[in-house]
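Colleague: I am new to this one. Could you show it to me and then take a few questions?

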Amino acid sequence: MTEFLAPELKMFRDKFQHFLNENINLNSQAMRSKSLAKGFYSISHQSMLHDGPATALEMVIARESVASSGILDHSNIIGPDPGALMNCSDEIKNNYLDPMLKGDKKASFAFTENDFKNPTTGELIDSKVTINGKKSYVSRAVDSDFMLVVLNFMPDNSRLVAIVDSNSEGISLNQTFESLDGSTHSEVTFDNVKIPQNLLLKNVQAATQNILQERLEMSAISVGLAIFTVNELTANLLKTHRSGGSLSDREGIRLKYSDLRINTYAARSMLYRTAAILEDNENVINEVTATKIFCTETAFNVVDTAIQLSGGESLIVGNHLEAIFRKTRSMKLAGGSNEILRLNISKGIFEFDSGTL
Ligand SMILES: Cc1cc2nc3c(=O)[nH]c(=O)nc-3n(C[C@H](O)[C@H](O)[C@H](O)COP(=O)(O)OP(=O)(O)OC[C@H]3O[C@@H](n4cnc5c(N)ncnc54)[C@H](O)[C@@H]3O)c2cc1C
């Protein structure tokens with residue numbers, strides 16, 4: 001699929017890759033300033049190729065390029081996506097979206113319920129939206145300025161997103177913890193938190209928009225990391241091994257190595273196909289979900305085998321492969337566990353007649 005990219009997309013990929021190669025050793029703050037100055041940081045809302053936000057394909061190219069350079073944290077190179085705030089009112093744009101895109105305000109996404117039988121709710125009481133519930137695993141909640149909270153709005157239980165300032169009365173972070181990939185999360189309780197009605201996003205697609213972007217982002221990162229890993233492994237296998245010759249000469253190694261290339265090739269093809277159809281059709285939740293499952297599992301399996309074939313040195317803390325192993329492991333749960341997502345794909349076809357092959 002990458003061979004079929006339009007010439008301007010190939011040029012964008014080359015330009016971005018050149019930028020990454022030149023600046024890869026900068027510290028995070030310097031990298032962010034450079035990326036902002038060159039226009040890469042802002043592509044999610046201002047493409048470098050046309051007016052308006054970057055397309056799904058442009059975002060995939062950018063994210064895959066960063067990950068295939070071995071960079072695990074994108075946040076200083078590519079700024080946040082509008083996500084659920086896409087097409088919002090002028091007031092929300094001025095107070096939340098624009099400051100978030102400039103990096104002046106940070107947002108977190110509160111989606112996972114602590115108790116699925118008692119999900120977070122919102123209801124209109126005295127002309128304010130009143131929120132109650134508990135979310136279990138909100139990334140970066142501790143340093144976020146506002147949260148996008150997915151809730152069941154009463155009385156009809158419609159799934160809507162509310163914008164909630166993190167310092168609102170009634171919000172408490174019960175527990176803050178770090179997961180194995182180094183990211184920080186909190187359990188967040190909403191106890192009669194009141195927000196004005198205009199901060200409830202009435203568009204029922206808002207939550208889906210955030211989820212689509214998150215899953216496609218994880219897919220692109222996974223494919224980029226699989227590419228980086230295969231390249232690292234190739235170099236490792238070509239080195240002289242203490243047993244004499246190089247491991248790349250052994251047939252048993254070659255069989256395993258080829259599978260990594262085959263699966264990475266398949267995942268990359270799937271990623272670009274999904275990004276391309278996402279540009280023409282908004283109803284692609286099943287295709288994006290299938291891509292998230294396949295790409296995250298492929299990347300995890302690729303790095304797991306690459307570590308095995310490279311030997312114990314690759315497990316030393318600080319080694320690229322060790323860090324990628326931790327990152328790819330977390331993505332099989334983050335953004336929805338891959339098993340639940342598999343069930344959603346079946347539900348899509350059996351209950352909503354939706355999904356392509
Ligand atoms: C790094 C990371 C970042 C995250 N960031 C966020 C965030 O910013 N915001 C947010 O809201 N959440 C976030 N999450 C939470 C994430 O969405 C959840 O971990 C995920 O949805 C799984 O939910 P759970 O952890 O409660 O596991 P559970 O739902 O309890 O699942 C546990 C296991 O049981 C399986 N299982 C559960 N139900 C079924 C079933 N019916 N049939 C078959 N198998 C089943 C699951 O597949 C899984 O293997 C993050 C998670 C991680 C790891």
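**The ligand and some backbone details**

Colleague: Which residues are closest to the ligand?

Modeller: The closest are Phe109, Thr112, Ser139, Ser337 and Glu339, among 19 residues that surround the ligand. A residue counts as near if one of its heavy atoms lies within 4 Å of the molecule. Please note that this is a predicted model, in which local features need pLDDT of at least 70 and side-chain atom pairs count only at pLDDT 80 or more, while totals for chains, interfaces and linings use all residues. Residues are numbered from 1 along each chain as its sequence is written, and side-chain values use heavy atoms, with hydrogens and water left out.

Colleague: Which side chains have a polar atom lying 2.6 Å or 2.7 Å from an oxygen atom of the ligand?

Modeller: Ser337 places a polar side-chain atom 2.6 Å from a ligand oxygen, and Glu339 has a polar side-chain atom 2.7 Å from an oxygen of the ligand. A backbone N or O atom of Phe111 also lies 2.7 Å from a ligand oxygen. A polar contact here is a pair of N or O atoms within 3.5 Å.

Colleague: How much of the ligand does the protein cover?

Modeller: The ligand has 970 Å² of accessible area on its own, and the protein covers 63% of that. The area comes from the Shrake-Rupley method with a 1.4 Å probe.

Colleague: Which elements give two or more residues to the shell around the ligand?

Modeller: They are strand S1 (107-110), strand S3 (128-139) and helix H9 (338-352). Helices (H or I, at least four residues) and strands (E, at least two) are DSSP runs numbered from the N terminus. Domain 2 (102-201) and domain 3 (205-352) each give at least three residues to this shell, with bounds taken from an automatic or database domain assignment.

Colleague: Changing topic, which peptide bond is cis?

Modeller: The bond from Met154 to Pro155 is cis, with omega near 5 degrees. Pro155 sits in the loop between strand S4 (146-153) and strand S5 (158-165). Most residues other than glycine have a negative phi, and most peptide bonds are trans.

Colleague: Which residue has a positive phi although it is not a glycine?

Modeller: That is Asp126, with a phi of about 50 degrees. Asp126 is found in the loop between strand S2 (121-125) and S3.

Colleague: And what is found at the start of helix H2?

Modeller: At the start of H2 (residues 28-38), a side-chain oxygen of Asn27 comes to within 3.2 Å of the backbone nitrogen of Gln29. After H2 comes Gly39, which has a positive phi near 90 degrees.

Key: Polar contact = N/O pair within 3.5 Å; in protein donor to acceptor, adjacent residues only side chain to side chain.
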